Amino acid sequence: MTTPQGNAVSRVGEDDRESAVRRVREAYAEERISHEEMDERLGRVLAATTRAELAVALEQLPAEDPGTTSTIAAAGGRIKRRGAWRVPRTLKVESAFGRVRLDLSRAVIAYPVVDIELSLGTGNASITVPRDAIVEVEGLNTGWKDLRYRPRQPSRPGAPRFRFSGAMGYGRLRIRHAWR
């Protein structure tokens with residue numbers, strides 16, 4: 001039996017803990033809490049095992065900025081992004097027909113976790129992630145062809161995390177790590 005993600009008795013995950021630490025540090029940087037209070041709250045965040053304990057450590061702090069959501073869409077033709085482009089917190093890529101090429105290796109990534117939601121009809125997609133990135137593809141459904149991805153081990157602590165979700169129709173998705 002699984003508990004709902006928002007349930008107060010569910011266990012705290014790594015992403016939840018990192019988010020909580022970031023909120024406490026941002027509150028201190030904005031001078032909303034004292035140094036002593038920051039130390040106390042960080043201790044409670046690191047010791048928390050349930051969402052309820054984490055919520056107590058974060059009460060009365062400003063909510064974390066959820067980031068932005070952007071959509072790149074094309075009915076036909078190519079979708080291509082490369083170079084130093086700014087990656088939003090949530091990126092939706094929609095293409096009915098055509099190829100998709102996303103190069104995230106030199107992109108400006110301001111968030112520790114980036115969600116990429118793919119909604120692709122036909123055509124191949126190729127995504128290049130930074131060399132040390134952590135890639136999660138559990139929420140991705142491929143229809144016609146299999147996903148091509150070989151995990152790179154090990155990643156450095158604090159490496160950007162990319163979570164892929166969505167669906168692909170008649171095409172192949174290839175995710176690879178950059179060489180440099």
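Which helices are included in what covers the buried residues of H3? In this predicted model, the cover over those residues includes H1 and H2. The account below takes the helices in turn.

Helix H1 spans residues 14-29. It has 16 residues and reaches 22 Å from its first C-alpha to its last, close to the 22 Å expected at 1.5 Å a residue. Its buried residues are Ser 19, Ala 20, Val 21, Arg 23, Val 24 and Ala 27, and these pack against H2 and H3. After H1 comes Glu 31, which has a positive phi, near 60°.

Helix H2 comprises residues 35-47, and its axis comes within 10 Å of that of H1, with a crossing angle of roughly 175°. Angles over 145 degrees count as roughly antiparallel, and H1 and H2 are therefore roughly antiparallel to each other. On the H1 side, the contact is made by Arg 17, Ala 20, Val 21, Val 24 and Tyr 28. Their counterparts in H2 are His 35, Met 38, Arg 41, Leu 42, Val 45, Leu 46 and Ala 47. Taken together, the residues of this contact divide into nine nonpolar, one polar and two charged. Ala 20, Val 21 and Val 24 belong to this contact and are also among the buried residues of H1.

Helix H3 covers residues 51-58. Within H3, the buried residues are Leu 54, Ala 57 and Leu 58. Viewed down the helix axis, they fall within an arc of 90°, so they line one face of H3. In general, an α-helix has 3.6 residues a turn, so residues three or four places apart point the same way. H3 is followed by Gln 60, whose phi is likewise positive, near 70°.

How values were computed:
Residues are numbered from 1 along each chain as its sequence is written. This is a predicted model: local features need pLDDT of at least 70, side-chain atom pairs count only at pLDDT 80 or more; totals for chains, interfaces and linings use all residues. Side-chain values use heavy atoms; hydrogens and water are left out. Axes are lines fitted to C-alpha atoms, for helices over the stretch in contact, and angles run from 0 to 180 degrees between N-to-C directions. Helices (H or I, at least four residues) and strands (E, at least two) are DSSP runs, numbered from the N terminus. Angles under 35 degrees count as roughly parallel, over 145 as roughly antiparallel, 65 to 115 as roughly perpendicular and the rest as oblique. Contact means heavy atoms within 4.5 Å. Ala, Val, Leu, Ile, Met, Phe, Trp, Tyr, Cys and Pro count as nonpolar, Asp, Glu, Lys and Arg as charged, and the others, Gly among them, as polar. The expected span of a helix is 1.5 Å times one less than its number of residues. Buried means under 20% relative accessible area, exposed over 50%, partly exposed in between (1.4 Å probe, protein chains only). The arc is that of the directions from the helix axis to the C-beta atoms.
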